[in-house]
Amino acid sequence: MRSSFQARAAQYDDRDELASWRTAFLIPQFQGKDSIYFTGNSLGLQPKSLRALVNEELDDWAEFGVEGHFHSRRPWYSYHEQLMQSGAEVVGAKLGEVVHMNGLTVNLHLMMVSFYQPTESRFKIICEAKAFPSDQYMLESQLAFHGLSLDEALIEVAPRVGEHLIRHEDILKAIADCGDQLAMVFWGGMNYYSGQFFDIEAITRAAHAAGAVAGFDLAHAAGNVPLALHDWNVDWAAWCTYKYLNSSPGGVSGVFVHQRHASNPDLLRFAGWWGHNKESRFQMEPGFDALPTAEGWQLSNAPILSMAAHLASLRIFEEVGMENLRAKSLALTAFLEEWILAVAHERKANIEVITPSNPNERGCQLSLLVHGYGKPLFDAIAARGVIADWRNPNVIRIAPVPLYNSFQDCFRFGEILFEELGNKL
Ligand SMILES: *Cc1c(COP(=O)(O)O)cnc(C)c1O
């Protein structure tokens with residue numbers, strides 16, 4: 001069994017047209033060798049090209065001082081514009097629908113200001129149960145801001161008893177049942193815990209049918225799975241760029257505002273000077289004049305060093321293309337899953353993959369539910385150079401990332417799993 005998986009991994013790597021992209025990234029070392037880095041879902045690896053782009057900004061700052069806003073090689077005044085086209089392509093948006101700014105949670109709040117305006121009769125929000133904690137705090141504080149409590153205004157849709165995934169039919173039913181009271185569906189495009197990828201188009205359609213807005217947190221979806229935010233008619237979305245988009249720890253966040261909203265300067269928002277008409281921005285006169293694109297939500301002048309990091313990463317995505325990335329991702333994740341299940345079977349280990357087995361309902365993450373001995377197993381594989389992620393009470397999350405992980409990474413992971421299951425447990 002072992003040798004057939006090993007041979008397949010070598011063969012798949014040989015045939016992989018994206019294989020050489022691995023050398024474009026800095027892979028953390030373990031005992032003098034590449035570690036098995038399966039945590040791109042949490043922090044993507046550093047592209048080697050990133051340092052040069054960031055250094056150029058440091059050099060231009062040194063050379064030009066404030067004049068760099070207009071005279072550096074990539075003038076800071078309009079720096080964000082260089083990221084708009086490639087940033088839009090990654091999430092299936094049109095030019096003008098995507099802008100990069102702030103951190104993710106900040107942007108969620110900014111979007112809520114514009115899109116969540118509860119009335120006496122329409123004030124409820126539907127979200128996934130056990131959303132990422134920051135998203136939960138965001139929702140709780142937004143509701144409190146409007147004088148509403150979680151109990152009265154938030155409807156959480158959970159997996160059925162004994163199940164790990166949320167059924168789409170249950171989401172659609174909750175939306176329909178809420179009907180006229182529903183103000184917004186706020187959903188994670190990809191659940192961070194289970195790796196479940198939701199049908200964003202269907203959820204959006206159902207929200208609209210109920211007269212509500214559909215907004216998405218795409219932290220685990222952007223750069224991982226193909227998205228078509230414009231065509232799916234999503235109202236708004238936001239994501240971070242330091243997970244699958246490899247754009248440095250705490251890097252700048254992306255925001256999508258659908259054209260039909262972005263072009264509406266009357267939409268309520270919290271404003272700042274960088275969202276103001278570019279022609280008259282420096283006249284510094286009273287009266288906010290919103291840009292008719294997602295840029296109209298920018299508050300501050302852009303954090304150039306973070307933007308440079310994101311630019312380096314977006315250039316890679318532009319060159320590789322989301323479709324090619326997805327094709328490899330499907331093969332890589334399927335291979336890893338098959339190998340892990342074979343290992344678990346051989347060792348009679350109680351390891352369950354809770355991520356959907358249907359490739360259309362997942363990205364590259366696999367969440368392994370390890371009954372009983374999860375933490376010791378996690379510690380044992382970590383001591384062998386596997387960088388994965390542990391979630392209490394019993395889940396190991398691993399993400400083979402198609403840009404820099406290989407089929408042989410997947411093979412070695414399974415081999416270490418096999419050995420540690422035999423050794424210690
Ligand atoms: C990673 C992640 C965040 C992180 O929020 P920051 O504001 O970038 O710190 C928020 N929500 C989800 C769903 C995430 O996966």
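Which residues does L314 touch, not counting residues up to four places away in sequence? They are L83, S86, G87, V90 and H100, where contact means heavy atoms within 4.5 Å. This is a predicted model, in which local features need pLDDT of at least 70, side-chain atom pairs count only at pLDDT 80 or more, and totals for chains, interfaces and linings use all residues. Residues are numbered from 1 along each chain as its sequence is written, and side-chain values use heavy atoms, with hydrogens and water left out.

**Overall build**

- The protein chain has 14 helices and 17 strands. Both are DSSP runs numbered from the N terminus: helices are H or I with at least four residues, strands are E with at least two.
- The radius of gyration is 23 Å, close to the 22 Å that the globule rule gives for 425 residues, so the chain is as compact as a globular protein of that length. The radius is taken over C-alpha atoms, and the rule is 2.2 Å times the number of residues to the power 0.38.
- Along the principal axes, the C-alpha atoms fill a box of roughly 70 × 60 × 30 Å.
- Of the 425 residues, 56% count as buried. Buried means under 20% relative accessible area, exposed means over 50%, and partly exposed lies in between (1.4 Å probe, protein chains only).
- Among contacts with a separation of 6 or more, 72% come from residues 24 or more positions apart.

**Surface and charge**

- The chain exposes about 17,900 Å², and carbon and sulfur atoms supply 52% of that area. Areas come from the Shrake-Rupley method with a 1.4 Å probe; for residues, only the protein chains shown count as cover.
- There are 34 positive and 50 negative side chains, and the centres of the two sets lie 7 Å apart. Lys and Arg count as positive, Asp and Glu as negative; His and the chain ends are not counted. Each charge is placed at NZ of Lys, CZ of Arg, CG of Asp or CD of Glu.

**Cysteines**

- The structure holds zero disulfides, a disulfide being a pair of cysteine sulfur atoms within 2.5 Å.
- C240 is in no disulfide, and its nearest cysteine sulfur, that of C364, is 14 Å away. C240 is buried at 2% relative accessible area.
- The sulfur of C364 is 9.7 Å from the closest cysteine sulfur, in C410, which is too far for a bond. C364 is buried too, at 0%.

- L314 lies in helix α11 (residues 304-320) and is buried at 2% relative accessibility. L314 and M84 are 230 residues apart along the chain, yet their C-alpha atoms are separated by 9.8 Å.
- A294 sits in the loop between α10 (259-262) and α11 and is buried at 1%. Its contacts beyond four places in sequence include G96, E97 and V257. L95 is 199 residues away in sequence and 9.3 Å away in space, C-alpha to C-alpha.
- S35 is in the loop between β3 (33-34) and β4 (36-37), buried at 2%. Beyond its neighbours within four places, its contacts include I27, F30 and I387.

**Backbone exceptions**

- Most residues other than glycine have a negative phi, and most peptide bonds are trans.
- A cis peptide bond joins N392 and P393, with omega about 0°. P393 is in the loop between β16 (389-391) and β17 (395-398).
- K130 has a positive phi of about 55°. K130 is exposed at 68% relative accessibility, in the loop between β7 (124-128) and α6 (133-145).
- N246 has a positive phi near 55°. N246 is buried at 1%, in the loop between β11 (236-239) and β12 (253-257).
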